[in-house]
Amino acid sequence: MGKYLPAHPKPLPDELLSSWLVRIAEANAVKLHTMSRMLFGFNYSPWIRDIGRHGPDIVINKISEVTGTPVSRVRETTLHGYAGWVLRHMRISGQTHWILPVKSKSADRIGYGVQYCPQCLLEDGKPYYRRAWRIAFYAFCPKHGIMLRDSCPECGAPIVFHRRDFNRDIELAREIYQCTKCEADLCDVPPEKPMIYDQRVYDLYSALLNEFHMGCRKKFNLSYFEVLHQLCKIIVSTSNKNQLHEHLCSKIGIVPKEFELSKGGSIEELRIDLRYYIVSLGLWLLVFPKRRLKSSWKAKAVRYNLFLKDFRHSPKWFADMVWEFNRLNTCRKL
Ligand SMILES: [Zn+2]
Ligand SMILES: [Zn+2]
């Protein structure tokens with residue numbers, strides 16, 4: 001084998017590593033497993049784990065070599081680039097803030113951790129999956145203004161596009177935009193507009209996704225995403241007993257949706273509609289953060305200590321505000 005693969009397409013804008021590998025195999029008319037064995041050896045299968053999250057060196061270096069792509073560009077196709085931007089540290093196992101879990105079961109997936117925009121896929125010259133679609137708050141497409149989907153519209157299965165040629169001849173491989181379980185065209189679904197719970201919240205959510213989509217880190221930076229994550233965590237956590245959730249719904253004037261509270265307050269485990277709803281509630285607080293956080297605390301919808309629970313790097317304005325609640329609380333008791 002020469003240095004390069006006969007066909008070595010380059011990664012497309014914001015393309016996810018797994019999507020790119022699938023396209024490289026397709027361009028060379030080899031099955032994904034065959035290519036993986038050829039490049040990474042028989043003893044290593046990247047497909048039994050979340051390679052976008054792991055970004056293993058063995059894969060990064062080899063793909064760089066056989067496609068003539070700089071290692072730094074290959075690394076950009078993993079989720080590690082979000083560390084220091086939307087999350088502080090990328091963890092290889094366990095829950096990482098804002099990263100949707102795929103829940104590997106051998107080479108299959110049982111988690112709904114890969115989302116897609118039907119319109120983006122439809123308009124692509126070469127359909128491919130974006131890194132941003134693995135992020136929990138990325139629930140609608142800022143370009144098309146429609147909800148992303150996290151499952152097949154026909155059979156409801158998780159999106160597992162890398163299995164397109166598994167257990168079948170290469171001539172019968174599915175397209176990357178087809179469900180690997182039922183063959184449905186994933187783009188063949190009516191566009192769904194995001195529910196507008198509150199216009200200001202929707203405008204803020206759109207601004208956040210637009211800035212994120214463009215790769216800016218001005219207003220919506222690590223501190224912002226950490227505070228938003230903390231608020232979402234409180235809303236879905238058993239520690240708050242649904243009080244903040246109910247308070248926010250009454251303020252916005254909507255009927256609370258039912259969902260199971262979780263001990264760790266993991267928003268990443270929720271399906272897309274609920275995630276969009278919870279992030280919208282969190283953003284309602286951040287439209288006028290100091291005023292609304294204070295009124296939620298005063299209404300006893302949340303205890304002040306929950307704001308800082310397990311939040312090691314809270315920004316100064318947030319920590320100062322919580323200490324102010326603490327001070328007021330103490331004065332109240334005197
Ligand atoms: Zn789109
Ligand atoms: Zn299906």
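The views below are taken from a predicted model.

**Figure 1. Asp-310 in the loop between helix 12 and helix 13.** Helix 12 covers residues 304–308 and helix 13 covers residues 316–333, with Asp-310 in the loop between them. Asp-310 has 9 C-beta neighbours inside 10 Å, so it counts as exposed. Its phi is positive, about 55°, although Asp-310 is not a glycine. Most residues other than glycine have a negative phi.

Figure 2. Ala-29 lies between helix 1 and helix 2 and comes just after the end of helix 1. The residue is not a glycine, yet Ala-29 takes a positive phi of about 55°. Within 10 Å of Ala-29 there are 11 other C-beta atoms, and Ala-29 is therefore exposed.

Figure 3. Helix 1 runs over residues 17–27 and is mostly covered, with 10 of its 11 residues buried. Among the buried residues are Leu-17, Trp-20, Leu-21, Val-22 and Ile-24. The buried set also includes Arg-23 and Glu-26. The buried residues of helix 1 pack against helix 2 (32–40), helix 3 (51–54) and helix 4 (57–67).

**Figure 4. Leu-39 and its surroundings.** Leu-39 is a residue of helix 2. It has 20 C-beta neighbours inside 10 Å, and therefore counts as buried. Apart from neighbours within four places in sequence, Leu-39 is in contact with Lys-62 and Val-66. Leu-5 is 34 residues from Leu-39 in sequence, and the C-alpha atoms of Leu-39 and Leu-5 are 10.0 Å apart in space.

Figure 5. Tyr-138 touches Ala-132, Trp-133, Leu-148 and Leu-209, when residues up to four places away in sequence are not counted.

**Figure 6. The contact between domain 1 and domain 2.** The protein is divided into domain 1, residues 17–172, and domain 2, residues 199–333. The contact takes 22 residues from domain 1 and 19 residues from domain 2. On the side of domain 1 that touches domain 2, 16 residues are nonpolar, four are polar and two are charged. The centres of the two domains, taken over C-alpha atoms, are separated by 30 Å.

**Figure 7. The whole chain, for orientation.** The protein has 13 helices and four strands. Its C-alpha trace spans about 80 × 40 × 30 Å along the principal axes. Of the 334 residues, 39% count as buried. Among contacts between residues at least 6 apart in sequence, 64% join residues at least 24 apart.

How values were computed: Residues are numbered from 1 along each chain as its sequence is written. Chains are lettered from A and ligands numbered from 1 in the order in which they are written. This is a predicted model: local features need pLDDT of at least 70, side-chain atom pairs count only at pLDDT 80 or more; totals for chains, interfaces and linings use all residues. Two residues are in contact if their C-beta atoms, placed from the backbone, lie within 7 Å. Domain bounds come from an automatic or database domain assignment. Ala, Val, Leu, Ile, Met, Phe, Trp, Tyr, Cys and Pro count as nonpolar, Asp, Glu, Lys and Arg as charged, and the others, Gly among them, as polar. A residue is buried if 20 or more other C-beta atoms lie within 10 Å of its own, exposed if 12 or fewer, and partly exposed in between; C-beta atoms are placed from the backbone. Helices (H or I, at least four residues) and strands (E, at least two) are DSSP runs, numbered from the N terminus.
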